[in-house]
Amino acid sequence: MDPPYAKLEQLDSGIGRLLAHNPSAFTYFGTQTYLLGREEVAVVDPGPDLPEPLDALGDAIAGRKVVAIMCTHTHRDHSPAARPLSERTGAPIVGCAPLALESVGPRADASFDGDYAPDRVLADGEPIEVDGTSVTAVATPGHTSNHLCFAYRDALFTGDHVMGWSTTVVFPPDGDMAAYMASLDKLRQRDDQIYYPAHGPAVTNPQQYVRHLAGHRMQREKQILSIVRDAPRTVPDIVARAYPGLDPRLVVAAGGSVLAHLLDLERRGLVERLGDEWTAA
Ligand SMILES: [Zn+2]
């Protein structure tokens, strides 16, 4: 299959999708930017600041008025194109908050866009108007503390919270497993009919899929608990046992997710840390 780089795909009336050429072990074929609206548009997750995707985005906008540039969160594959796109179009940057990167120690690594500066931050449940239709922020912390999904008609734009190709990386200290699970639960209370993630195909069975994701995390938690019950273990040791045959490029991310589970279990009094090792409490 040829990924449709730089080609605007019209998915539904008023929903266009554009794939940026930034494939990786974490982005699948790349970041998918969405254009909402017909006469005028909002741009969801403008993507990395690379010349080719930005030009493709300009072509897709095709002279229409851009009413907002909306970011789900501030990882470098999502938000850096917001500023140059804003300069080209005059549109405001609206959506997630910038991270307080140093407020509780170094929260963020090189994967964060430290230059992100929104013109307006949307609170949970706050709508903006795009071409006569509301786009509403749904706060979904967990993957990052500032993550938002955006609801538009019967669709939810899920960023990296729920993806169509892979489970989401939850990397402490900014990533938080308890918050992530609560944000999955929040989606189960909604009746969105389709999810459009920033990576991977659309999810056409949202309720079932979110239930599956939550179940998968609970299985993983059980597995980690049983591993540290046998003997005190380091995070790399737990990763080796819990993820046999893991792609070496994903070992660091898996370590992050294991640590996120351990920190959550520690808060609930189920595990303890002994130096580098973790054990059942
Ligand atoms: Zn991300």
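These are my notebook entries on what I looked up in this structure, which is a predicted model.

**Entry 1: the zinc site**

I began with the metal and asked which atoms coordinate the zinc ion. I found NE2 of His73, ND1 of His75, NE2 of His143 and an OD atom of Asp160, at 2.2 Å. I then looked at the angles among the four donor atoms, which run from 90 to 168°, and the site is classed as irregular.

Next I wrote down the spacing of the donor residues in sequence, which is H-x1-H-x67-H-x16-D. His73 sits in the loop between strand S5 (65-71) and helix H2 (82-89), while Asp160 sits in the loop between strand S11 (155-159) and helix H3 (177-188), so this pair ties together parts that are 87 residues apart in sequence. I also checked accessibility for these two, and both His73 and Asp160 are buried.

**Entry 2: Ser79, in the loop of His73**

I stayed in the loop between S5 and H2, because Ser79 has its place there and His73 lies in that loop too. Is Ser79 buried or exposed? Its relative accessibility is 2%, so Ser79 counts as buried, given that buried means under 20%. Leaving aside residues up to four places away in sequence, I listed what Ser79 touches: Pro46, Gly47, Cys71, His73, Thr74, Asp113 and Tyr116. One of these contacts, His73, is also a donor to the zinc ion.

**Entry 3: the open sheet**

I turned to the strands and asked in what order the seven strands of the open sheet are arranged. The order is S1-S2-S3-S4-S5-S6-S7, and the pairing is mixed. Strand S1 (9-12) and strand S7 (120-121) stand at the edges with a single partner strand each, so one side of each is left without a neighbour in the sheet.

I then followed S1 and S2, which pair in the antiparallel sense over three bridges. They form a hairpin with two residues between them, and Gly14 in the turn has a positive phi of about 85°. Across this pair, Glu9 stands opposite Arg17 in S2.

On to the pairing with S3: strand S2 (residues 15-19) and strand S3 (residues 32-36) are antiparallel, with five bridges. I noted two of the facing residues, with Leu36 in S3 as the bridge partner of Ile15, and Leu35 in S3 opposite Gly16.

How many residues of S2 are buried? Five of the five are, so S2 is largely enclosed by the rest of the structure. Ile15, Arg17 and Leu19 point one way from the strand, whereas Gly16 and Leu18 point the other way.

**Entry 4: helices on the sheet**

H2 lies across S4, S5 and strand S6 (93-95), and it runs at about 170° to S5.

For H1 I listed the buried residues, which are Pro53, Leu54, Ala56, Leu57, Ala60 and Ile61. They cover an arc of only 160° around the axis, which puts them on the same side of H1. On the other side of H1, I found Pro51 and Asp59 exposed. The cover over the buried residues of H1 includes S2, S3, S4, S5 and H2. Just after this helix, Ala62 takes a positive phi of about 50°.

I repeated the search on helix H5 (residues 235-242), where the buried residues are Val235, Ile238, Val239 and Ala242. Their arc around the axis is only 100°, which puts them on the same side of H5. The face turned away from that buried side carries Pro236 and Ala240, which are exposed. What covers the buried residues of H5 includes H4, helix H6 (251-267) and strand S14 (277-280).

At 6% relative accessibility, Leu213 counts as buried. Not counting residues up to four places away in sequence, Leu213 touches Val162, Thr167, Tyr180 and Leu184. I also looked up the separation between the C-alpha atoms of Leu213 and Val44, which is 24 Å, for two residues that are 169 residues apart along the chain.

Definitions and conventions. Residues numbered from 1 in each chain as written. Predicted model: local features only at pLDDT ≥ 70, side-chain atom pairs only at ≥ 80, totals over all residues. Heavy atoms only, no water. Donors = N, O, S within 2.8 Å, 3.2 Å for Na, K, Ca; no water. Tetrahedral: all angles 85-135°; square planar, octahedral: opposite > 155°, others 65-115°. Helix = DSSP H or I, 4+ residues; strand = E, 2+ residues; numbered from the N terminus. Buried < 20%, exposed > 50% of the residue type's maximum accessible area, 1.4 Å probe, protein only. Pairing = 2+ DSSP bridges. Contact = heavy atoms within 4.5 Å. Axes fitted to C-alpha atoms, helices over the stretch in contact; angles between N-to-C directions. Arc of directions from axis to C-beta.
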